[in-house]
Amino acid sequence: MDPVVSIRPLLAITVAGLAALAVLLLNNRERLRDLVSPLAAVAMFAIVVSMAPTVLAGGTVELRLFEILPGIDFAFRVDALGMVFATVSSLLWIVAAIYSIGYMRHLNEHAQTRFFACFASSLAAAAGGAFAANLFTLVIFYEVLSLVTYPLVYHHEDEEGWRGGRKYLVYLMGASKSALLAALALTYHIAGSLDFVAGGLLARSDVSAALLTVVYFCYLFGFAKAAVMPMHAWLPAAMVAPTPVSALLHAVAVVKMGVFCVLRVVFHVFGTGLVGGLGLGIATAYLASFTILMASVYALTRDDLKARLAYSTVSQLSYIVLGAVLLSPVAMVGGIIHIAAHAFSKITLFFCAGSIYCASGKRNISDMAGIGRRLPWTMGAFFVASLSMIGVPPTAGFVSKWYLAKGALAAGETAFLVVLLVSSILNAAYFLPVSYAAFFQAEKQESRTTLREIPLVTIPLVATAILSVLMGIFPGYFLTLADGVIR
């Protein structure tokens with residue numbers, strides 16, 4: 001099928017960018033300002049979905065704007081992998097925008113205009129990365145995403161916020177300015193191009209295996225948003241941000257951009273054949289497995305709910321990487337659809353953490369005994385999302401973990417099947433006690449104050465919990481896209 005030339009990829013990015021500008025212009029008109037993000041999110045999602053029929057049919061949507069250097073264009077290309085990321089981020093922006101309004105209003109947070117402008121800008125950057133046709137365009141939007149989310153991390157402007165923000169920038173910008181820049185330069189030197197190619201841009205290169213290995217690991221650690229250990233410490237540190245930002249970091253844009261970039265490198269820069277031939281797949285699989293298990297152990301030790309969720313994210317991201325580098329088609333499908341499964345479930349969990357904080361001011365799990373009887377919708381959604389993270393049917397997490405487990409067996413790598421099973425047990429160990437305490441433990445006498453759920457906060461988290469179940473029952477859309485990636 002010939003590519004469809006269309007301005008729609010640029011329109012999707014522009015809608016979010018214009019939303020950020022409109023938020024700034026409406027600084028003194030709060031009601032109108034708050035309407036901008038939900039309306040822009042719906043428009044962006046509609047534009048993204050309008051390209052889905054072409055991509056589902058095996059085609060692409062392309063738009064080349066201008067040439068930077070010979071072999072390097074600033075260009076967009078919507079394919080199956082990009083559509084997975086764009087669909088998830090644009091859909092979840094709708095519910096995140098509504099949730100953010102309820103959260104920020106209820107807590108009377110300062111600098112709300114800056115918050116909503118940076119939030120919209122981050123979605124523009126995420127869409128740009130999803131639709132990038134080459135490494136140059138991808139890295140541009142990757143860097144923009146780091147910069148526009150930095151003010152969100154230090155939003156509270158206290159010592160803890162500045163400290164978390166510094167670590168955020170040091171890890172993300174430091175990695176990109178060193179390892180990632182080196183990888184780009186070496187790729188262009190080897191291939192004379194930075195375009196994504198089916199089967200791998202470097203697949204037919206005649207340079208040494210040692211040099212290709214160096215380039216590969218420069219990409220793996222340069223894309224630090226993927227949070228593969230040891231490039232993970234920025235993520236828990238960023239939990240000083242408001243909860244809607246945590247949801248953005250962990251589910252909608254930032255970390256998903258990281259693993260998306262790693263998948264681009266595996267599938268369209270190196271190609272699965274070259275990754276397997278150099279032995280890079282098995283090496284990365286062991287590194288991802290270490291991250292999966294160690295981050296889960298860290299999560300078990302955290303009493304702060306957001307910190308526990310942060311380490312859970314570090315672990316869950318490496319499921320996506322593991323699926324890709326196992327190199328069996330079934331495992332790769334599992335890794336790709338885990339982008340969506342994790343996003344729907346993790347955003348629900350962070351929304352719930354924010355709802356608990358809005359209603360009670362509580363952050364620590366040890367203080368949440370009996371809170372489920374006061375906040376039944378919030379804690380019910382938390383339980384559903386927890387089941388998805390564990391991999392219990394009929395939730396989205398079960399579908400992706402099922403494909404990952406089958407893929408490990410298909411690849412003949414039983415050790416990684418054991419990793420998946422052990423990590424699921426650890427998931428249960430750090431998620432289920434939260435729900436148990438909330439519903440079955442007696443509430444402390446001194447904490448028995450009036451609590452109420454906030455509609456603009458509760459409705460989005462219930463909606464995303466429902467999405468976690470619906471994807472588990474009807475995974476066809478994402479499965480079709482995943483098949484298109486590996487076809």
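The sulfur of C261 lies 15 Å from the closest cysteine sulfur, in C218, which is too far for a bond. A disulfide is taken as a pair of cysteine sulfur atoms within 2.5 Å, and a search of the whole structure finds 0 disulfides. In general terms, a disulfide is a covalent bond between the sulfur atoms of two cysteines. For C358 the closest cysteine sulfur is in C352, at 12 Å, again too far for a bond. C261 has a relative accessibility of 0% and counts as buried; C358, at 7%, is also buried. Here buried means under 20% relative accessible area, exposed means over 50%, and partly exposed lies in between, with a 1.4 Å probe and protein chains only.

This is a predicted model, in which local features need pLDDT of at least 70, side-chain atom pairs count only at pLDDT 80 or more, and totals for chains, interfaces and linings use all residues. Residues are numbered from 1 along each chain as its sequence is written, and side-chain values use heavy atoms, with hydrogens and water left out.

**Overall chain**

The protein chain has 20 helices and 3 strands, where helices (H or I, at least four residues) and strands (E, at least two) are DSSP runs numbered from the N terminus. Its radius of gyration is 21 Å, close to the 23 Å that the globule rule gives for 487 residues, so the chain is as compact as a globular protein of that length. The radius is taken over C-alpha atoms, and the rule is 2.2 Å times the number of residues to the power 0.38. The C-alpha trace spans about 70 × 55 × 40 Å along its principal axes.

Of the 487 residues, 62% are buried. The chain exposes about 17000 Å², and carbon and sulfur atoms supply 66% of that area; accessible areas come from the Shrake-Rupley method with a 1.4 Å probe, and for residues only the protein chains shown count as cover. Among contacts between residues at least 6 apart in sequence, 80% join residues at least 24 apart, a contact being heavy atoms within 4.5 Å.

**Backbone features**

Most residues other than glycine have a negative phi, and most peptide bonds are trans. The table lists the exceptions discussed here.

| Site | Feature | Value |
|---|---|---|
| M229 and P230 | cis peptide bond | omega about 15° |
| P393 and P394 | cis peptide bond | omega about 5° |
| A227 | positive phi | near 60° |
| L327 | positive phi | about 70° |

P230 lies in the loop between α8 (209-222) and α9 (234-237), and A227 is found in the loop between α8 and α9. A227 is buried, with a relative accessible area of 0%. P394 sits in the loop between α16 (376-390) and α17 (396-410). L327 is placed in the loop between α14 (305-325) and α15 (329-360) and is partly exposed at 24% relative accessibility.

**A buried serine and a surface patch**

S318 belongs to helix α14 and is buried, at 0% relative accessible area. Leaving aside neighbours within four places in sequence, S318 is in contact with V228, A288, T291 and I292.

At the surface, L65, F66, I68 and L69 form a nonpolar patch with about 340 Å² of accessible area together. Patches are made of residues with over 30% relative accessible area and no salt bridge; like charges are joined within 9 Å and nonpolar side chains (Val, Leu, Ile, Met, Phe, Trp, Tyr) within 5 Å. A salt bridge is a side-chain nitrogen of Lys or Arg within 4 Å of a carboxyl oxygen of Asp or Glu. F66 is in strand β2 (residues 61-69) and is partly exposed, with a relative accessible area of 46%.
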